[in-house]
Amino acid sequence: MSRSRHGGWLADKKRTRSSKVLLKIFWSYLQPYKFHLAFVAVLTLVYTLAVTYQPIIVQNAIDRLLGGSTFQSLLFLLVLYMGLSLLSWVFQSLITWYMAIVQNELVHTLRIDTFNKLVDADMSYHGKVQSGNVTSRVVNDTQEITAGLGVFTNSLTNVLVAFATLFVLFDISLWFGLVSLLALPTSAIITKVISGRGRAQMLKVRSSLGKVSGALAENLSGVSIAKSFNQEERTSRQIRKLNDETYGYFKQLGTLFTMIFPSISLIGMIMIAGILYIGGYLNQQGLVSVGSIYLGTVMVRRFLSPIMALANNFTNLQASLAALDRIVDVLHMEASIKALQSMNKLVLTKGEIVFEGVYFKYQAREEMNVSSLKRRPDSLAEEERLKFKDLRKQFLEEKRYYVLENVNITFLGGKKTALIGHTGAGKTTITKLLLRFYDPLEGRILIDGQDLKEVSLDSLYENISLVTQEPYLFAGTIMDNIKYGKPDASDDEVYEICRHLGADEFIEALPNGFQTVLQESGKSLSAGQRQMITIARTMLKNPKILVLDEATSRLDAYSESLVQLAQQKLFEGRTTIVIAHRLSTIRDVDQIVVLDKGKVVEVGDHETLMKLKGKYYELYNTYYAHQGLENIAIAS
Amino acid sequence: MNQATYKNGRALFFSFFQRDRLRLLWSLILMVLSSVATLIPAVLVGIAIDELTQNGFSSTFIILSTGVIGAGIVFYVITFLGLYSFMTIAFRFERDIRQEFFDKIQSHSLTFHDENNSSHLLSMGMTEISQMRQGIMPGLRGILQNLFSVIIMIITIYAIAGREMALATLAGFILYYYFALYQARKINPIRMELANTAGEMTEQSQEIFRGIEVVRSFRGELREFLRFKTISEKYSRLGIKEGQIAAFYLPDLILLLLTAILFGVSLFQVTEGTMTVGTMIQILGLLITLQLSSMMLPQMFLFLNAAITNANRLWEKMHWQDPQPDKEVEIIPQINWESYIVFENVTFYYTGSERPALANISLIIPKKSKIAIIGGPGSGKSTFLKLLLQLYLPQEGRILIDGVDYTDIPASEVRKHVSRVEQEIFLFSGTIRENISFANPDATEEEIIRAATAAQAMEFIEKLPQGLDTVIGERGVDLSGGQRQRLAIARAILANPDILLLDDSASALDSKTEELLRKALDNLSADRLTIVVTQRLRTLLDADKIIIFKKGRVLDYGNHRELIGRCAEYQRIFELLPETEKALAKGGIV
């Protein structure tokens with residue numbers, strides 16, 4: 001319980017489900033630990049009784065002493081006291097022991113379930129949610145939930161102790177009980193101050209620290225710039241300024257807490273004095289014994305701390321429930337791209353790909369919310385269901401929002417097709433549909449006559465590979481990265497591929513060659529080098545259909561030509577789809593498809609399309625022709 | 001810049017005590033007084049009860065009871081003051097260490113930054129330094145306060161109950177501290193491992209989800225799942241282990257037993273008549289007060305331990321030994337930076353690499369010339385530029401400018417005269433103005449506009465809503481690659497270097513942008529030495545000299561006409577340049 005990772009009263013407490021619904025879901029996760037938890041509950045109960053009873057023994061002893069008892073007659077009290085000390089220690093330890101098991105196993109289960117759901121989630125989800133937030137679901141929220149379990153058992157102990165203590169106090173005297181109730185408004189006021197001003201100041205500290213962190217991050221990654229321009233003093237000053245600001249906020253917050261913390265003790269003292277006054281007076285009346293006064297002073301202090309803790313526990317529990325709510329969102333997510341292992345295997349013959357009347361649109365935020373409602377029919381009122389239907393209809397009518405609109409393309413089997421168009425024309429979207437990261441809203445995509453939706457993803461990815469503009473590498477060695485799609489490949493195969501690509505040169509120049517461990521997604525490599533590795537990775541996997549989305553955009557001309565040669569050699573006679581910016585790439589292809597605003601506008605080879613003097617001709621002149629070269633030609 | 005040095009991590013951590021001694025002394029005195037004030041009520045309650053048993057509900061009893069409130073108020077004031085001044089020192093410590101850390105790390109050469117993951121450095125600078133402060137407050141503070149309370153309590157017991165009881169308490173607390181420290185030592189490595197595992201787990205998850213497209217299309221799901229499961233399981237196992245070690249916390253038992261024993265002895269002495277009931281209540285009250293204040297002690301020990309471990313890690317980074325430290329230069333030599341540059345058998349290895357990134361480079365770069373560099377990835381192009389900027393020093397050979405060895409010139413001096421526009425443009429988040437004037441924050445509006453205009457950047461800056469004051473970066477406007485490049489050029493122009501290095505090796509730009517860039521470059525290269533890594537035909541043709549790099553060596557060095565005539569590699573590259581075919585189609589170049 002000591003290791004709670006709570007955001008406490010700062011944490012996000014927004015949620016969409018009722019506590020009842022959430023606790024019910026949580027309970028299902030607790031099933032395997034029913035007996036552990038029952039045992040912990042029993043231990044807690046006994047523990048509470050033991051620690052409450054101890055001061056009563058002392059009270060008893062005091063009264064007997066004042067009555068003139070002998071040591072021998074008090075011996076059993078002493079033994080009982082010792083026994084209870086031992087018992088409370090053992091029980092407390094057992095509670096910690098069992099809770100450690102339950103909490104840690106539970107968080108593991110939750111983490112794995114959440115992880116799996118997220119790995120299988122639709123790409124539209126990943127397109128919408130940043131990887132940092134996805135990770136936060138997997139790592140932080142699950143931890144927060146289990147911390148909540150700890151807080152819950154802790155609260156249970158606190159409630160029991162508070163009640164037992166209060167009972168003892170009222171049992172001695174009504175007045176003792178009333179004095180101890182002073183703890184309630186005190187705790188209310190303190191909680192209010194903390195969650196009001198404390199929270200506001202903590203937020204300031206947080207945002208200020210955030211600025212320091214941002215500046216630090218930026219200046220660490222841009223360190224070579226600061227050095228190059230001799231501006232180290234300046235960045236240092238920048239950090240100093242932010243650092244000073246943060247210190248100021250920290251001091252304000254600290255002052256507040258420094259004022260609050262000792263005030264709890266002060267209230268305790270006032271309550272003890274109250275017990276003494278009343279106890280002394282009542283003792284004179286013969287209503288309470290001296291032992292009971294002592295007991296009152298002990299109990300009244302003991303009442304204060306669980307009450308203070310409970311207020312804090314409550315906010316923590318709210319935070320846990322909010323985390324649980326977010327996790328349930330994930331766990332109840334139903335992937336819309338269903339790809340069962342039992343589906344037919346994709347069988348390639350010619351490798352011909354056909355887009356048949358394909359419409360597609362990325363889901364915007366609002367629509368995501370509607371469709372996430374759709375995923376939870378239990379919580380969806382009929383009214384909302386209708387609203388969703390309306391929305392869908394409306395959105396199908398608004399065809400101008402389509403990223404792809406009635407796209408019909410035949411990518412010839414074994415041939416090379418280039419996709420051409422301005423940014424936003426839909427080129428990349430076509431590649432994503434082909435890899436089934438998304439499904440078309442309407443229309444079909446067929447590979448050798450088989451609908452993409454009817455074949456298993458495994459068999460699809462076995463046959464098709466995509467190399468994108470953004471080279472993504474994993475932490476690990478270069479060798480591991482290249483073998484990512486074919487883990488059982490031999491090192492020699494990797495060397496062979498890299499030799500073909502001309503990538504061996506720079507890889508071997510690295511400190512540990514192919515065994516160099518890449519850090520931060522390969523920050524030490526240039527973009528071109530990273531791209532080379534991703535190309536090698538795909539070539540090693542040796543797919544039957546190759547999709548290249550600006551795959552060589554970051555290479556210099558020379559390397560690019562090597563890649564092209566390797567590609568021609570290794571991928572001769574395979575269906576290839578390229579999106580490229582270099583003329584040399586496009587001129588070689590068998591077919592060019594020109595896209596404009598999501599529609600196919602022209603299809604044909606270079607010569608034919610140039611003659612048309614249409615969109616292709618225009619694009620060619622913007623992107624591929626180079627003004628001013630005429631002058632050079634003449635001048636030289 | 002504060003460049004304090006420390007003997008080791010511990011010294012770094014305990015430098016806390018040397019930072020603001022007067023204030024610290026003051027807060028320590030207040031802590032002792034606060035410990036006294038904490039224990040007074042327990043004593044007063046005991047005396048009051050004795051008074052009650054002897055004289056009944058007397059005025060003395062009422063005064064004693066009121067004394068408890070008085071003690072409470074005194075406690076409040078003293079504790080507030082003590083905590084406040086201690087807190088101030090602790091937060092200052094955090095602030096200052098953070099600054100020292102950054103300054104030190106920034107001053108390290110690029111070799112250090114190549115070796116170190118910047119996100120790790122960031123988390124050291126933020127989280128680990130915050131944890132160091134936690135080691136001071138609440139950690140060290142809690143431990144010190146507890147120690148003071150224990151000592152004062154033992155003295156009090158000695159005063160009210162005699163030597164035997166005091167010695168028993170002392171023995172109890174020695175055991176208490178012994179086991180508390182033992183426990184902390186046992187649990188600390190597990191804690192550290194937990195923290196590391198948590199970090200790894202986060203990193204792994206982040207990586208998987210950032211690369212989810214790759215994971216999916218290469219069918220890496222199962223592998224990633226198993227990898228994640230392993231680490232999640234490890235984390236869970238460690239968590240259980242930690243919980244179980246923390247469970248049977250011996251110091252707690254010792255404290256409970258000590259209370260029970262003192263209770264027993266008191267009982268005996270009261271029945272013997274050598275002690276009053278009030279004294280017994282005092283003793284029990286003191287022990288209970290101490291139990292409460294010791295409750296957080298294990299946590300405090302962990303804070304302290306973590307802080308020292310972090311301090312050691314921080315210290316290692318701060319005191320990194322540069323394999324090629326800057327020479328201490330007393331007199332900055334007089335150099336004509338417009339002079340020619342000579343490379344004399346220059347060989348350079350990156351740390352840990354067995355193959356030189358540059359091998360045996362010898363060439364002369366004429367003054368105020370235009371040099372173009374061409375070569376494949378890893379051929380040494382970028383390294384060549386980095387050496388010229390003295391971001392690294394060669395292990396063998398010499399670089400001479402105006403006849404002066406580079407190693408005799410301080411890096412800051414080199415960078416006053418040499419500027420680089422790097423391949424992957426790094427812009428700071430902030431306004432465009434701030435970015436352009438980075439090298440010279442005092443630049444006037446006119447100078448900034450002139451630089452931006454020369455870099456052909458004014459054209460797009462003017463179209464932005466706030467012009468030069470438009471915020472760019474994460475929270476600002478997104479710029480295209482060409483725009484970023486032109487801003488970087490403007491930044492370099494404003495620095496007005498004698499030697500300009502430009503890495504322009506990978507760029508797919510439309511022809512209009514390229515035209516603009518070329519104009520910017522022409523402006524830039526007028527009247528200074530420019531060295532450009534390029535693959536643009538025009539730049540090659542315009543260059544006075546072209547260096548062809550291959551595998552860290554200079555394959556050939558000459559102008560376009562010479563190279564096209566004699567160098568097969570150059571002919572090959574030239575043919576492959578995207579513009580060549582077009583230009584050839586228009587009537588040939590050669």
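Domain bounds here come from an automatic or database domain assignment. The model shown in these views is predicted.

**View 1. Chain B is divided into two stretches.** Domain 1 of chain B covers 9-318, and domain 2 covers 341-585. The centres of these two domains, taken over C-alpha atoms, are separated by 55 Å. How many residues does each domain bring to the contact? Domain 1 of chain B gives 4 residues, and domain 2 of chain B gives 4 residues. On the domain 1 side, 1 residue is nonpolar, 1 is polar and 2 are charged.

**View 2. The domains of chain A.** The assignment for chain A gives domain 1 (1-173 + 308-334) and domain 2 (174-287). It also gives domain 3 (353-361 + 402-635) and domain 4 (362-401). Between the C-alpha centres of domain 1 and domain 3 of chain A lie 54 Å.

**View 3. Chain B meets chain A.** In this contact, 139 residues of chain B face 139 residues of chain A. Which helix gives the largest share of the chain B side? Helix α4 of chain B (residues 59-107) does, with 25 residues. The chain B side that touches chain A holds 68 nonpolar, 43 polar and 28 charged residues.

**View 4. Helices α7 and α10 of chain B pack together.** Helix α7(B) spans residues 163-210, and helix α10(B) spans residues 250-272. Their axes lie 8 Å apart, at an angle of about 170 degrees. Angles over 145 degrees count as roughly antiparallel. The two helices, α7(B) and α10(B), are therefore roughly antiparallel to each other. From α7(B), the contact includes Met165(B), Leu175(B), Tyr176(B) and Phe179(B). From α10(B), Leu250(B), Pro251(B), Ile254(B) and Val265(B) are among the residues that meet α7(B). By class, the residues of this contact are 14 nonpolar, 3 polar and no charged.

**View 5. Helix α5 of chain A bends.** Helix α5(A), residues 131-172, has 42 residues. From first C-alpha to last, α5(A) reaches 60 Å, close to the 62 Å expected at 1.5 Å a residue. Where does α5(A) bend by about 40 degrees? The bend is at Arg137(A).

**View 6. A cis peptide bond in chain B.** The bond from Met137(B) to Pro138(B) is cis. Its omega is near 15 degrees. Pro138(B) sits in helix α6 of chain B, residues 118-161.

**View 7. A positive phi in a loop of chain B.** Asp402(B) is not a glycine, and its phi is positive, near 55 degrees. Asp402(B) lies in the loop between β4 (396-401) and β5 (404-405) of chain B.

How values were computed: Residues numbered from 1 in each chain as written. Chains lettered and ligands numbered in written order. Predicted model: local features only at pLDDT ≥ 70, side-chain atom pairs only at ≥ 80, totals over all residues. Axes fitted to C-alpha atoms, helices over the stretch in contact; angles between N-to-C directions. Helix = DSSP H or I, 4+ residues; strand = E, 2+ residues; numbered from the N terminus. Parallel < 35°, antiparallel > 145°, perpendicular 65-115°, else oblique. Contact = placed C-beta atoms within 7 Å. Nonpolar A, V, L, I, M, F, W, Y, C, P; charged D, E, K, R; others polar. Expected span 1.5 Å × (residues − 1). Bend = angle between axes of the 7 residues up to and from the residue.
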